[in-house]
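Trainee: Hi, could you walk me through this structure?
Mentor: Happy to, let's look at it together.
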Amino acid sequence: MKRPLMTLIFSTVLLLVFTSICGAETLTAELCKAKVKAAAALLAADGDAALEIIKDPNGEFRFADGEGYIWVHNLDGVMVMHPIKPSLDGKGLLDMRDVNGVYLFAAMNELVEEKGEGWVPYAWPKPGQAESSPKVSYVVLVKHGDAEYVVGSGMYDLTAADIKAKFPSDAIYQD
């Protein structure tokens with residue numbers, strides 16, 4: 001009796017481990033874009049009330065095992081909500097630039113004001129690293145009442161050429 005029960009328990013544990021490994025989301029450009037669009041729709045509908053949902057560490061907007069996340073800033077360049085670095089909340093970021101001199105938040109704002117949404121390539125250090133790596137972020141302009149937000153998410157090791165190949169009709173920032 002003990003052996004069949006142990007076999008059943010062991011099989012169940014293996015199945016759960018296998019399911020969790022196979023079911024894990026991988027951070028892709030398609031996933032970033034989809035999550036930004038979903039967060040943008042929520043913010044457009046609910047305004048500031050949506051920020052708590054978007055920054056929930058266990059919610060749908062922390063994805064790909066926490067590697068992906070959504071941030072929100074405004075057209076004044078002030079970070080409204082950053083789930084990984086809340087110390088940025090309320091800070092002006094228009095002067096922030098990458099190692100190549102790209103003013104990334106200014107570029108994001110310029111792109112969404114011109115096109116409504118698109119991709120911004122820049123260089124940024126991966127978490128825990130000093131050297132910058134290629135990074136690209138998808139951003140969308142959102143309006144709710146009188147407020148205007150920029151909703152974004154990004155990922156490393158993609159370039160503008162990679163994005164153009166995947167999404168030929170999407171806007172891509174070029175300085």
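Mentor: Let's begin with a term: a nonpolar core is a set of buried Ala, Val, Leu, Ile, Met, Phe, Trp, Tyr and Cys residues joined through side-chain atoms within 4.5 Å. Buried means under 20% relative accessible area, exposed over 50%, and partly exposed in between, using a 1.4 Å probe and protein chains only. This is a predicted model, where local features need pLDDT of at least 70, side-chain atom pairs count only at pLDDT 80 or more, and totals for chains, interfaces and linings use all residues. Residues are numbered from 1 along each chain as its sequence is written, and side-chain values use heavy atoms, with hydrogens and water left out.

Trainee: Thanks! Which residues touch the most other members in the largest nonpolar core?
Mentor: Those are Leu43, Ile70, Trp119, Val151 and Ile163, in a core of 29 residues. Helix α2 gives the largest share, seven residues.

Trainee: And what is Val151 in contact with?
Mentor: Contact means heavy atoms within 4.5 Å. Leaving aside neighbours within four places in sequence, the partners of Val151 include Val36, Leu43, Ile70, Trp71 and Tyr138. There is also a second, separate core of 19 residues, with Leu104, Ala107, Val150 and Tyr173 among them.

Trainee: Let me zoom out. How many helices and strands are there?
Mentor: The protein chain has five helices and seven strands. These are DSSP runs numbered from the N terminus, with helices being H or I of at least four residues and strands E of at least two. Along the sequence the pattern reads α-α-α-β-β-β-β-α-β-β-β-α.

Trainee: In what order do the strands of the open sheet come?
Mentor: The order of the five strands is β4-β3-β7-β6-β5, with antiparallel pairing. Two strands pair if DSSP finds at least two bridges between them. β4 (79–81) and β5 (117–125) are at the edges with a single partner strand each, so one side of each has no neighbour in the sheet.

Trainee: How many bridges join β5 and β6?
Mentor: Nine bridges, in the antiparallel sense, with β6 covering residues 132–144. Trp119 stands opposite Tyr138 in β6.

Trainee: Which strands does helix α4 touch?
Mentor: Helix α4 (residues 104–115) packs on the sheet and touches β3, β4, β5, β6 and β7. Its direction makes about 170° with that of β5. Such angles run from 0 to 180 degrees between N-to-C directions, with axes fitted as lines to C-alpha atoms, for helices over the stretch in contact.

Trainee: Switching to rings: how many aromatic pairs are there?
Mentor: A search of the whole structure finds three. Rings of Phe, Tyr and Trp (its six-membered ring) pair if their centres lie within 6.5 Å; planes under 30 degrees apart count as stacked, over 60 as edge-to-face and the rest as tilted. Trp71 and Phe105 are edge-to-face, at 6.5 Å centre to centre and 75° between the planes. Trp71 is in strand β3 and Phe105 in helix α4, so this pair ties together parts 34 residues apart in sequence.

Trainee: Are Trp119 and Phe167 buried or exposed?
Mentor: Both Trp119 and Phe167 are buried. Their pair is stacked, with 5.3 Å centre to centre and 20° between the planes. Trp119, Tyr138 and Phe167 form one aromatic cluster.

Trainee: Last one: where is Ala64 found?
Mentor: Ala64 is in the loop between β1 (62–63) and β2 (68–69). Its phi is near 55°, a positive value in a residue other than glycine. Asp65 is in the loop between β1 and β2 as well, and has a positive phi of about 55°. Ala64 is buried at 4% relative accessibility, whereas Asp65 is exposed at 71%.
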